[in-house]
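Let us read this structure together, one feature at a time.

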Amino acid sequence: MNKLRIGIIGTGGMAHWHARQYVETGLCEIVATCDVDRVRAQSFAKLYNAERIYDDYRRMIEDGGLDAVSIVTSNDVHYAVAIAALSAGLHVMCEKPLAMCRQEAQAMCDAAHSAGVIHAVNFTHRNTPCFTLARKFIAAGYISQPYHVQADYLQDWLLAAERSAATNPLVQPLASRHIWRMDKRVAGSGQLGDLGAHVLDLLYGFAGDYATVSALLPTYLQLHGSDNLPQEQITDDVCALLLQFANGATGQVTTSRIASGMGDTITVKLYGHEGALLLDDRNPMELQACLGKAALERRCWATYNAHEREREPNPVTLFVQGMATGQQPPFSFDDGLRVQRVLDAAIESNRTGQRVTLENPKSKIQNPKSKIVWRSLQSLQWAEIRSSWTNTIVLCQTSTRRPSKPAGTWPT
Ligand SMILES: NC(=O)c1ccc[n+]([C@@H]2O[C@H](COP(=O)([O-])OP(=O)(O)OC[C@H]3O[C@@H](n4cnc5c(N)ncnc54)[C@H](O)[C@@H]3O)[C@@H](O)[C@H]2O)c1
């Protein structure tokens, strides 16, 4: 079988991750690279054996010979590149956030559907094994009605860079090196779109679609002395969201690039009528849970280990599988649009100081009732359970019974 011919547009940091995933599938070859910084495109091409090098994505698409493109540019370019690629009938993998606003995202989604090609957004954290295992627990009914969820995605790179620059004059402040991330005209938003987009995608998988949003998006101007940007164009350093889900649950989300001591960490706490889950991607293969009548009565938490079966493919691999099979993978432009609606609502809420109601939430997770919980808890033979009281690992009894939904956990 001929390999799928991939063009990569934008050859900065994240493009290397895309290229490695394509190569690892064994089904693709990187044939063209494009960057407005031609030297960067050239060294990228050399690294991944791409023959064609461009500084204009339109020329790259016009020249043909591609099956698909990955869009890994700054956010302001996603829309134009995607529309050009889709018009040429190419499959498109796009970075998050999908677009600069809901209107762009809607047009991209419409174009992808009418082109009839495979489309995907790179929500890289959705399939971290502990999050996949959590969706299985939720789908099997262990949580029942979710009441509230709290999620943080915390980084400290802006502070860390300022500290290094202060102590070493040879170090350039990171703010000036990551200028596009600081500029609303190029990034759209700061920690809202950068990290918030991931969390909003993730929580959709746990609690369904969003009904209302309130947001605070502060910028700490004292950290941006080296940005050389008009103050009103500097993006948010912190994003604080108060959410209501269509199923009545509430959510609190904090994302930050100035969370001292935090490198790159997502934590989620989910509390429902029949149980609770604590997730921390620093331990991606396990989750903490309080599940089942006895545990709830004693407030006893246990550690459940994710297994290899929870290690689902990343979005690029699923995109490639989608092209090979003609099946649209679950990481679609529709998911990007759903998140974009919430991002826009958050920006509006921050601007007006009002809570914003989202139109027509798309889906409501149906949570199984409690009687299913008590029965299915007995079938947790596929997990190892470490008691938080005794700190011993209990290997599960031999039984062939499995949870009712062992795979395909993304809600439709
Ligand atoms: N999914 C994730 O976990 C994740 C992680 C990091 C970044 N991202 C996303 O990836 C995208 C790129 O981020 P990055 O960290 O690689 O940024 P980066 O600055 O390292 O790279 C962006 C590249 O795009 C190029 N570019 C800009 N305009 C262009 C144009 N018109 N045509 C061709 N090239 C152009 C720039 O010159 C630069 O080389 C962003 O959308 C970002 O949000 C996603």
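**Reading the model**

Q: Which residues come nearest to the ligand?
A: Of the 24 residues around the ligand, the nearest are Gly10, Gly12, Gly13, Met14 and Glu95. A residue is near a molecule if its C-beta atom, placed from the backbone, lies within 6 Å of it. This is a predicted model: local features need pLDDT of at least 70, side-chain atom pairs count only at pLDDT 80 or more, and totals for chains, interfaces and linings use all residues. Residues are numbered from 1 along each chain as its sequence is written.

Q: Which helix gives the most to the shell around the ligand?
A: Helix 1 (residues 13–25) does, with three residues. Helices (H or I, at least four residues) and strands (E, at least two) are DSSP runs, numbered from the N terminus.

Q: How are strands of a sheet paired?
A: Strands pair through backbone hydrogen bonds, either parallel or antiparallel. Here six strands form an open sheet in the order 3-2-1-4-5-6, and the pairing is parallel. Two strands pair if DSSP finds at least two bridges between them. Strand 3 (52–54) and strand 6 (119–121) are the edge strands. Strand 2 (residues 28–34) pairs with strand 3 over three bridges. Thr33 has Ile53 of strand 3 as its bridge partner.

Q: How are two packed helices described?
A: By the angle between their axes and the distance between the axes. Helix 5 (residues 102–115) and helix 14 (residues 333–352) have axes that come within 9 Å and cross at roughly 170 degrees. Axes are lines fitted to C-alpha atoms, for helices over the stretch in contact, and angles run from 0 to 180 degrees between N-to-C directions. Helix 5 and helix 14 are therefore roughly antiparallel (over 145 degrees).

Key:
Parallel < 35°, antiparallel > 145°, perpendicular 65-115°, else oblique.
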